[in-house]
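Q: Could you walk me through this structure in plain words? I am new to this, so please take it slowly.

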Amino acid sequence: MAAEKVVQASGLLGWVDRRFPLISLYKGHLSEYYAPKNFNFFYFFGSLAMLVLVLQIVTGIFLVMHYKPDASLNAAGIPVAFASVEYIMREVPFGWVIRYMHSTGASAFFVVVFLHMFRGLIYGSYREPRELIWIFGCLIFLCLMAEAFFGYLLPWGQMSFWGAQVIVNLFAAVPLIGPDLAVWIRGDFVVGDATLNRFFAFHVIAIPLVLLGLVAAHIIALHEVGSNNPDGVEIKAKKDNNGIPLDGIPFHPYYTVHDVVGIAGFALIFFAVVFFMPEGGGYFLEFNNFIPADPLVTPSHIAPVWYFTPYYSMLRATTDIFTWVMVASAAIAAGYFWVKQQGLLKVGGAVAMIVLAVAFRVFDAKFWGVVVMGGAVIIMFFLPWLDKSPVKSIRQRPGWQKWLYGVFVVNFFVLGYLGVMPPTTAGTIVSQVGTVFYFGFFLLMPVWTRMGDYKPVPERVSFQAH
Amino acid sequence: MKSSMSTLSIGAIIRGGSRMLAAAGFALLGSVAIAAGGAVKLDTFPTTKLTDQAALQNGAKLFMNYCLGCHGISQVRYNKLRELGLNEEQIKSNLILTSAKFGDPIMTTLNLKDAAEWFGKAPPDLSLTARSRSSHSGTGADWIYTYLRSYYLDPSRPTGWNNLTYPSVGMPHVLWELQGQNEAVFKTVKDHGQDVQVFDKFVQTSKGSLSTADYDNTIADLTAFLAWVAEPSAMARKQVGVWVLLFLAVFFLFAWRLNAAYWKDIK
């Protein structure tokens, strides 16, 4: 439809609009951007993720005014970085609010992002034409994990120090270049002042810039194709005489006002935690982290923060014995390529799987543990191409697939719980089963999404007027 | 034991323990059967003390007299003690026992390097102990409260003292003159077919200047002070929090109804 700038705005707005596409941006992304009207509770978490990002940046700015990334000891024998955090807590007026908002915000970010990703998973928001939105999202998730990891070293407590020591040492497991790689990352032979300063630079400047860029790209890609919805209906398929989707409503004011309710609800929970249980039972602010970092005293139990524990579980599950399970999986995959494929894919696929099977035994299980942990995140990038179902949304999937998604969720929680606990023999076996299920869910998707009886996708969204 | 201990009080504490064996002796009484990971059952600290200003002031006094000789609380400045209802004069004349100025952090004068030689480990700064000792067994305050009341005579230890909450601790029982001396009685119990020594009870072998109830109360005051030191803004946090949540509840109500008003148009 032809858009003519017939009416020009007057006054200051007109002056700006003749030099900057303010009004067209407002129309294109707010007042004339049409979103499906059947969004449910799961659709709050995108705007909440953006809110938490802003919250972390603003509280972060105030924290950096007083925080000192210095691992040397002060006159009382306390590391300067640790003491500067306590300075913020005690002597900066309302510094404790800023600190607690930032620490609670870190955990809140992951709660919100996990729920946001789960929405994408169950409604097929990663399907064509939204693959790029999903990829930007996965990159954001990776950056978020890095940001949290770098940030956690900064308070310079026992858990900060030893958690960083363990995770950076994982990179030493990379074949050939491992040990040198670990020294390069740390800036020293052990985690120390050099590491603290560079992690500070990454946490405060590098990754936030990348995150902001990725979030902008994520939203631009979304607005290009429009949102999915819980029914998986493409609302742009049915438009009225003015070219407006029949099931679409302008984002502003309907979803801007709607999202304020989400923000208010989130704020109630968030500030209840900040003011009444900022330690989160030892999960948001770990008890051990109130002890200054001591390179000579290893804590009896080193565990990552709760939001990394599902992946940590998978890392610990990859024992020497487990690599045999991986060999068996690669052998089965080789068999599949040989029997079910033709030509280059038949030979190439089978050979690649056999090489992989051999590699699983040649390189240390420690290295494969790192690969499995990273792979658990990387595999999500491929979701748009793994899912071969004829429908997007879980609402049209067969009943047994809905159960499968349920098991996936429970499995993720179980892996998380096991990651918090010290390792036990029984726990390791359960984590191994959980790891196999997690990867099986994704890798076998091209198979199980082609099975079962799907319901037809409706023409129009299901919506109850209220 | 190195002999260069300068303060009389430490010597008195060591003598207050029973006869000292040579360092080569190992624990005769066996290890207390505690759950894997060192989960000891903790007593509950009476949290009413946290809002009792008299208790907090008494705790400050006790800390300066009994603890500051070895332990600093360097994250707190002397002038912050005004939040306990004391003025500058009172703090300067009663609570500053070193040459520190009113705005200085509360540091111990013990040389930490020497202390590491004498005790095996330098006495830690106690600014955050009430937070760092929290666990699933109880709060850090519970831990401190239990710890200071679970010392017992143990001739196998260099100080002559051992502690149920912190086995083989390097710290002697500083407050023995107040509590008196206890011995620990262990009993043999079967655990998974093995004979295991389990703590049964304390038996007082000599009286201190305080009764058990008074000693417990004194320790509660000291613990309350340390809990305050760990997070001085705790009370303010909860007070502000109530208003914030009240506001947010009202805000949520308005946001919800405003949203409903807009969405009435959508069919």
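A: We can begin with chain A as a whole and then turn to some details of chain B.

Q: Is this from an experiment or predicted?
A: It is a predicted model, so please keep that in mind as we go along.

Q: How many helices and strands are there in chain A?
A: Chain A holds 18 helices and 2 strands.

Q: And what about its radius of gyration, what would a compact globule have?
A: A compact globule with 466 residues would have a radius of gyration near 23 Å, and because chain A has 25 Å, the two agree. Along the principal axes, the C-alpha atoms of chain A fill a box of roughly 75 × 70 × 40 Å.

Q: What share of chain A is buried?
A: Of its 466 residues, 36% count as buried. As for contacts in chain A between residues at least 6 apart in sequence, 76% of them join residues that are at least 24 apart.

Q: Which residues touch the most others in the largest nonpolar core?
A: That core has 93 residues, and the ones touching the most other members are A:Leu48, A:Val52, A:Val112 and A:Trp156. Helix α6 of chain A, which covers residues 131-153, gives the most to this core, with 12 residues.

Q: What is A:Leu48 in contact with?
A: If we leave aside neighbours within four places in sequence, A:Leu48 is in contact with A:Val112, A:Gly262, A:Ile263 and A:Phe266. There is also a second, separate core of 41 residues, and its members include A:Ile291, B:Leu84, B:Ile106 and B:Ala230.

Q: Switching to chain B, where is B:Gly85?
A: B:Gly85 sits in the loop between β1 (73-77) and α3 (88-95) of chain B.

Q: Buried or exposed, B:Gly85?
A: B:Gly85 counts as exposed, because it has 11 C-beta neighbours inside 10 Å and the cut-off for exposed is 12 or fewer.

Q: So what does B:Gly85 touch?
A: Not counting residues up to four places away in sequence, B:Gly85 touches B:Gln53 and B:Gln57. The C-alpha atoms of B:Gly85 and B:Gln57 are separated by 8.0 Å, although these residues are 28 apart along the chain.

Q: Which way do β5 and β6 of chain B run, parallel or antiparallel?
A: They run antiparallel, with 12 bridges joining β5 (residues 180-191) to β6, and B:Asn182 stands opposite B:Gln204 in β6. The two strands form a hairpin with 2 residues between them, and B:His192 in the turn has a positive phi of about 55 degrees.

Note on methods. Residues numbered from 1 in each chain as written. Chains lettered and ligands numbered in written order. Predicted model: local features only at pLDDT ≥ 70, side-chain atom pairs only at ≥ 80, totals over all residues. Helix = DSSP H or I, 4+ residues; strand = E, 2+ residues; numbered from the N terminus. Rg over C-alpha atoms; globule rule 2.2 N^0.38 Å. Buried ≥ 20, exposed ≤ 12 C-beta atoms within 10 Å, placed from the backbone. Contact = placed C-beta atoms within 7 Å. Core = buried A, V, L, I, M, F, W, Y, C linked by C-beta atoms within 7 Å. Pairing = 2+ DSSP bridges.
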